[in-house]
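Here is a briefing on one protein model.

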Amino acid sequence: MSKRVDVSDLHVYYGDFKAVEDVTMTIAPRSVTAFIGPSGCGKSTFLRTLNRMHEVTPGGRVEGTVTLDSEDLYAPGVDPVAVRRTIGMVFQRPNPFPTMSIRNNVLAGLRLNGVKEKATLDETMERSLRAANLWEEVKDRLGKPGVSLSGGQQQRLCIARAIAVEPQVLLMDEPCSALDPISTLAIEDLIGRLKADYTVVVVTHNMQQAARVSDSTAFFNLAATGKPGRLVEMNDTATIFSTPSQRVTEDYISGRFG
């Protein structure tokens, strides 16, 4: 199910402003890749280019190539909505649909895609909630509003909603930043289990979290104030945190700046 993402010579713009420049990387399937770096260095902006969410922003555009198992996601004729079904996203703050029940939150994407068969919907709902490690907590109140859940449960509900449409890649933009420590550990545990079936990419400001959950880590930094963000280096997480190749990476990880 999961697929490999290849990025080549990618430049990201907001109008005339270049936010990120010259990123080339490979994101391995069935793994967790963490993006780290100081605020404003383009991590989240770059993340949004991977499923064409960036172009939703007025003036947002990219130059370069993003492929999913060699299929060019920005090729003429490629439907951005279809890309976003294939590459799901979980945002910084839990965002369950406020007027929908727990059940309907999970199934929103399937229904939007025209799935109506009750047995299919019921099976997908339970499978997705189980995969998000939420089923046992909500199985007796599926008709309750999604917003009635705790913050950590809401974030797992959003993960269940994202995986219900069976994406191949799951992007997470600081998924724990609004959560308490116990909920954060639950999400981290879930990320570790999701990589068995998905290619997972996580943006995080938390160095310890990146070290705990990821197989590979990419460090982004600003070239200079007002300049575009750049990918400084990417390697397996153990190497990045123990023997990075660039001094600036070591300085950031050790807390000397950022």
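The count of salt bridges comes to 20, each being a side-chain nitrogen of Lys or Arg within 4 Å of a carboxyl oxygen of Asp or Glu. This is a predicted model: local features need pLDDT of at least 70, side-chain atom pairs count only at pLDDT 80 or more, and totals for chains, interfaces and linings use all residues. Residues are numbered from 1 along each chain as its sequence is written, and side-chain values use heavy atoms, with hydrogens and water left out.

**Charge pairs**
- Glu166 forms a salt bridge with Arg127; their closest N and O atoms are 3.5 Å apart.
- That pair links distant parts of the chain, 39 residues apart: Glu166 is in the loop between α6 and β7 (169–173), and Arg127 is in helix α4 (residues 118–131).
- Helices (H or I, at least four residues) and strands (E, at least two) are DSSP runs, numbered from the N terminus.

**Rings**
- There are 4 aromatic pairs, counted for rings of Phe, Tyr and Trp (its six-membered ring) with centres within 6.5 Å.
- Phe35, Phe46 and Phe220 are linked into a cluster by ring pairs.
- A charge sits over a ring if NZ of Lys or CZ of Arg is within 6 Å of the ring centre and within 35 degrees of the ring normal.
- Arg61 places its charged end over the ring of Tyr13, 4.0 Å from the centre.
- Arg161 lies over the face of Phe97, 4.3 Å from the ring centre.

**Largest pocket**
- A pocket is an open set of points on a 1 Å grid over the protein atoms alone, where a 1.4 Å probe fits, with protein on both sides within 12 Å along at least five of seven lines.
- The largest pocket holds about 580 Å³ of space, the volume filled by probe spheres set on the points.
- Its lining has 20 residues; Arg84, Phe97, Gly109, Arg161 and Val165 lie nearest the centre. Lining residues have an atom within 4 Å of a point.
- Strand β6 gives the most to this lining, with 4 residues.

**Strand pairing**
- Strands β1 (residues 5–14) and β4 (residues 60–68) run antiparallel, joined by 8 bridges; pairing needs at least two DSSP bridges.
- Asp6 has Thr67 in β4 as its bridge partner.
- β4 also pairs with β5 (residues 71–72), antiparallel over 2 bridges.
- Leu68 stands opposite Glu71 in β5.
- The β4–β5 hairpin has 2 residues between the strands, and Asp69 takes a positive phi near 45°.

Key
Phe/Tyr/Trp six-rings, centres within 6.5 Å; stacked < 30°, edge-to-face > 60°.
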